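Subject: Structure handover

Hello,

Please find the structure below, with the sequence alongside. My notes on what was found in it follow.

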Amino acid sequence: MSGEASTPGASPRAPRPGTQKSSGTVTKKGDRGAKEKPALVLPPVGEEEPKNPEEYQCTGVLETDFAELCTRSGYTDFPKVVTRPRPHPAFVPSASMSEKPAQDDQRLSASCSLNSLESKYVFFRPTIQVELEPEDKWVKEIYIRGWRVEERILGIFSKCLPPLSQLQAINLWKVGLTDKTLSTFIALLPLCAPTLRKVSLEGNPLPEQSYHKLMAADSPIAHLSLRNNNIDDHGAQLLGQALSTLRSCNRTLVSLNLAFNHIGDAGAGYIADGLRLNRALLWLSLAHNRIQDQGALKLAEVLRPFELTHTEVVERRRLLLEKGTQERSRSPSSSRPGDSKTDREKNLLLQVNSAALVEKTDKTQTTKTLKGLSKKKEKSGGESVRKEEKSGSGQSPTQGTPKKEDPTKSGKGKVTIPEQKTSKGKGPKTGNKEKRSFLLESEHLGQSLAYSWSPKHLVAEAAETVNPLLEPVEHRNGKVFMPGNKVLLHLNLLRNRITEVGLEGFLATVQYQAQFSKSKSPSKGPVGLLRLSLAKNCFSPQCPAYATIQELMLPRAPVTKAKPREEQTT
């Protein structure tokens, strides 16, 4: 009993100094270690060392900078930067391979299937594909496809993309963009190099359809692709307003791709309204949408002379009045209140034809002759001129020169010489200075503006049109008609729902533009559409209207033999 009692008594005592105390010390050490470990454990992703990404200086090598910034931000597994693979040529089996035995074919097929599976997994692994310049190896384009781009990744891009001095395009295909991440992406664009002009956001449907923010007035984007984004009529309305409104107009966007969306007649009408006052867009694709005859007629209407609405007429008058006040404020004011005659002559000078003001050579010759004659007159009658200056008679020493003027310069003599007779109460030197300065200012004004009188109103044509509403218009039966949009060169309406009714509208447009281009040389300005794609719609290819459109567009197409890529793929 004692042995049995001692054994249980010894058994609990033996472990006390050994196992239990040691285990107690282990737990205490473990508790201390648990208290000390949080300082060493990595915090959640994106919160480790928040100042380190800002301290890192990017080198301009995207692969190095992106990896370093992702590591500093706490990412353990992040996409790699790889060169975009080139398409391989088609594989053609040789005759020697066909002579191999069946066992070798089975082994080869098994190995090929394994390699193909591995290659598929590698292909779908998230990567950042880049296209490099052939010589300098600078990053030219960036392709991101098939993996979600979060806002933190965009924050990393905002630091590693600006050093890329040759970056030209960013392509995001099915990256799960949201309206919030789109705003972050738009804020990133101005930080990049000025060479970045192309953005492609395809397969990224947004609930609010806020794609119009990419077309803001300060946006550097010139080529924008929004294919396959489920854009409906509401999104098309926002895009049309971004193209142009009564008070604003996009002047940087050159091409817009809206193919493979859900745009109907109402959306096409909104896009047409945006084209009314837009004079920058050259290429527009609305292929594979739901546009019918009503939307097609609206698009065809803005490409030929169309009637201005009441609000547009009111805005045009306001712009003309504002322009007139600016011109009057630019004209030099008279130095003395008694020079009403000079003011009248300056007003007459502003109404002279631009041809008389733009010819610099004739003006320089007239000023030289005036200077030479004044010097001769001063030398011959120096004493008499001094007396006239003291007495203040105001007669200019160049008086009487119009009789010696060449008849070819008589128009300019009428403009410049009356001012030489109207400087009453002034010395001849100050008068000559004022005349010469005013002549130079009027010459500069004549280069910027060209005035032409019409029987109904005065049309002011600016050398660089600030607003299309200031273009020359035509009056018919009390209505104001504006020349249509002749800047758009390419319009793609493949695979919509247009019938022969909508086709007639485009036939009228093409006939007008063809007649207009014959009467105007191409060097003087835009002449209208060079390519119009209407195939695969709801009309027969043998339709007479369609055949006529093809005949009229054939000589206008820059390359008649090459077919567009979209027609080849379809």
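To begin with a charge and a ring, Arg-476 lies over the face of Phe-481, at 4.5 Å from the ring centre. A charge sits over a ring here if NZ of Lys or CZ of Arg is within 6 Å of the ring centre and within 35 degrees of the ring normal. Lys-486 has its charged end placed likewise over the ring of Phe-516, 4.5 Å from the centre.

Before the rest, some notes on the basis. This is a predicted model, in which local features need pLDDT of at least 70 and side-chain atom pairs count only at pLDDT 80 or more, while totals for chains, interfaces and linings use all residues. Residues are numbered from 1 along each chain as its sequence is written, and side-chain values use heavy atoms, with hydrogens and water left out.

Helices (H or I, at least four residues) and strands (E, at least two) are DSSP runs, numbered from the N terminus; two strands pair if DSSP finds at least two bridges between them.

Salt bridges

The count comes to 13 salt bridges, a salt bridge being a side-chain nitrogen of Lys or Arg within 4 Å of a carboxyl oxygen of Asp or Glu. One of them joins Arg-476 to Glu-474, with the closest N and O atoms 3.4 Å apart. For exposure, buried means under 20% relative accessible area, exposed over 50%, and partly exposed in between (1.4 Å probe, protein chains only). Glu-474 is partly exposed at 41%, and Arg-476 is partly exposed at 34%. Elsewhere, salt bridges with shared partners join Arg-247, Glu-315, Arg-318 and Glu-322 into one network.

Glu-131 takes part in two of the bridges listed here: with Arg-84 (3.6 Å, N to O) and with Lys-140 (3.8 Å, N to O). Glu-131 is buried at 12% relative accessibility and Lys-140 is buried at 18%, whereas Arg-84 is partly exposed at 29%.

Aromatic pairs

How many aromatic pairs does the structure hold? There are four, where rings of Phe, Tyr and Trp (its six-membered ring) pair if their centres lie within 6.5 Å, and planes under 30 degrees apart count as stacked, over 60 as edge-to-face and the rest as tilted. Phe-66 and Phe-157 are stacked, at 5.5 Å centre to centre and 20 degrees between the planes. This pair also links distant parts of the chain, with Phe-66 in helix α4 (residues 62-72) and Phe-157 in helix α7 (residues 151-160), 91 residues apart. Both Phe-66 and Phe-157 are buried. The pair of Phe-539 and Tyr-546 is tilted, because the planes stand at 50 degrees, with the centres 5.2 Å apart; Phe-539 and Tyr-546 are buried as well. Finally, ring pairs link Phe-66, Phe-78 and Phe-157 into a cluster.

Regards
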